[in-house]
Amino acid sequence: MQWLDDTRAFMRRDQVFDIVRPVASSGRVDTRHGPILYLEDVTVSFDGFRALDALTLYIDDGELRCIIGPNGAGKSTMMDVITGRTRPDNGAAWFGQRLDLLRMDETEIAQAGIGRKFQKPTVFPRHRVVENLELAMAGPRGVWSALTARLDRSTRERIDEVLEEIGLADQGRALAGQLSHGQKQWLEIGMLLMQDPRVLLVDEPVAGMTHQEMDRTAELLTRLAGRHSVVVVEHDMEFVRSIARKVTVLHQGSVLAEGSMEEVQSDPRVIEVYLGE
Amino acid sequence: MTAKMTPSGSATDLIPLAAHRRILHGDLGGKILLGLMAALIVLVPILNLAVPSDSPLHISTYAVTLMGRYLCFALLALSLDLVWGYCGILSLGHGAFFALGGYAMGMYLMRQIGDRGVYGDPVLPDFMVFLGWEELPWYWLGFDQFWFAAFMVLAVPGTLGFVFGWLAFRSRVTGVYLSIISQAMTYALMLAFFRNEMGFGGNNGLTDFKDILGFSISAPSTRVALFVASALALALSYLICRAIVRSRLGRVVTAVRDAEPRTRSIGYRTDRYKVWVWTVSAMLAGLAGALYVPQVGIINPSEFSPLNSIEAVVWVAVGGRGTLFGAALGGALVNYAQTLLTAWLAELWLFVLGGLFVAVTLFFPRGLVGLLRRREGS
């Protein structure tokens, strides 16, 4: 009886038609009210298992937020929802106040300015390092513009800058597949930098890195915050402590605690979850 | 050279400035291929038309036509390599685009016969008279004009490629599933073209051609002209493919081949890129078919046979996928080998072809080109 509902909806006089409403997923990111990401009551279940259970989370514009939680707490699923890989069963996800993430697909979300670094580093193995960066560079993504794209001096300089920043200046010519695990992590961070997104979702950035590299990553992420909003999911507590201003603890798909590292660490519920008392 | 472009003389120089700049830079195989085509375009007409036929240097018209066919197969292999080697889409149905291009050309050649057919009908081809048809079906209209037929040679395979690609890639059909439906596509077309009601000559296809652009199709000079046209088409198509793979689009497409979800996650609509490359490839395959038909003098539904498409895959694998010139080389060489072998061991050919494919897959995954490069490296 879909048509009956449609007809009734058409006859109603107390609301405007959908077609004349402003389209939610258009225009620029609007952060006048502070938060850049709104997740409200997001529920995702896989075969009855609730990966996210009425998760509500706000990320402020320019914030550096760490998200911790035991395995299966829903950290990666949360990122999947934000980047459009997984559709929630319930809830709302907004990018700024005007972009409805649930109405956008993965590419639209990426183009709108949400970049992601994956847990397992995924680079283009048979492209050179510089080509990986070039492909990630912000700019038009259409077929024709890719066919006629030129590499001007300023982009070259930008690529060089990023190469320098991620410490791969000597490896620019190498095939990305030949890099070490840590270097691939860096290359992926470099690709994020080239994308220049408003929000960076960084999933376990220091896995497989040495202490020295961890320090550099920490320094880089802290520097990025402010101009970008950075959301870091990480297991390594020492690393989280070194960068965190605000920490969110996820447990069984919803927020368990939120606050500074000290507050969170002294929260009895967090201790219980982590130590299993 | 490097220091001029960037202050630090860095690795960014490895990325081409723009697709059309120095298109053959670092492409030895491509230079050899184009040089070979230039030499053939100059030498073959001289050796066939100007050198007397009793001279040992003379090339017979039969040999010219044979070589012209190899070039058409090389072009088909090139088009297949563009989608398989660079975009990772293994098509087992590229013969369909080749055959459609061939049919479009064949329809033009049929209309050129005019009233010289067996039944002497000024408009209707013989097979339509035989079927008792009163008038030309609408889709045959316009094919008496060469420009229209030439347009359709690209437009028909291009449209089918676009529609097929749009449906398949938007639904994220990939890998072996795509290979299977591409094969189903060519098989379905074969069955359709076998039917007399389709209006393409059914089982017998289109044949008994007389003229092309007013020149007798069997005259040696026409044969040479067709050969030269094939060589030009191969050279030009090579340059087009090379420009595509050297552009940023080419790098996106290879990124799709290696890590499609990742490409999507940095904001590329991978399905559109795939449809675009697939359509271009279909048009090139159609061009190959259109040049093939006047040289062999017939087009029939067996050209849609899945076996033909699979053979084309073998050519590309033997030549070396993902190199363009290697594929073209494979297309020409394997067919040359076929001509040699079928002369004395006709029944063995399919075993040889199958064995070749197995051997290449197991021992030389990079094909002949990989073999040469390895020798050069060691």
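Colleague: What share of the contacts in chain A between residues at least 6 apart in sequence join residues at least 24 apart?

Modeller: Two residues are in contact if their C-beta atoms, placed from the backbone, lie within 7 Å. In chain A, among contacts between residues at least 6 apart in sequence, 68% join residues at least 24 apart. Please note that this is a predicted model, in which local features need pLDDT of at least 70 and side-chain atom pairs count only at pLDDT 80 or more, while totals for chains, interfaces and linings use all residues. Residues are numbered from 1 along each chain as its sequence is written, and chains are lettered from A and ligands numbered from 1 in the order in which they are written.

Colleague: How many helices and strands does chain A have?

Modeller: Helices (H or I, at least four residues) and strands (E, at least two) are DSSP runs, numbered from the N terminus. Chain A has 11 helices and 10 strands. Its radius of gyration, taken over C-alpha atoms, is 21 Å, close to the 19 Å that the globule rule gives for 277 residues, so chain A is as compact as a globular protein of that length. The globule rule is 2.2 Å times the number of residues to the power 0.38.

Colleague: Which strands pair with β9(A)?

Modeller: Two strands pair if DSSP finds at least two bridges between them. Strand β3 of chain A (residues 64-68) pairs with β9(A) in the parallel sense over 4 bridges, and A:Ile67 stands opposite A:Thr248. Strand β10 of chain A (residues 254-259) pairs with β9(A) in the antiparallel sense over 5 bridges, with A:Val247 opposite A:Gly259. The hairpin of β9(A) and β10(A) has 2 residues between the strands, and A:Gln252 takes a positive phi near 45° there.

Colleague: Is B:Pro365 buried or exposed?

Modeller: B:Pro365 has 11 C-beta neighbours inside 10 Å and therefore counts as exposed. This proline is found in the loop between α13 (349-363) and α14 (367-377) of chain B.

Conventions: Buried ≥ 20, exposed ≤ 12 C-beta atoms within 10 Å, placed from the backbone.
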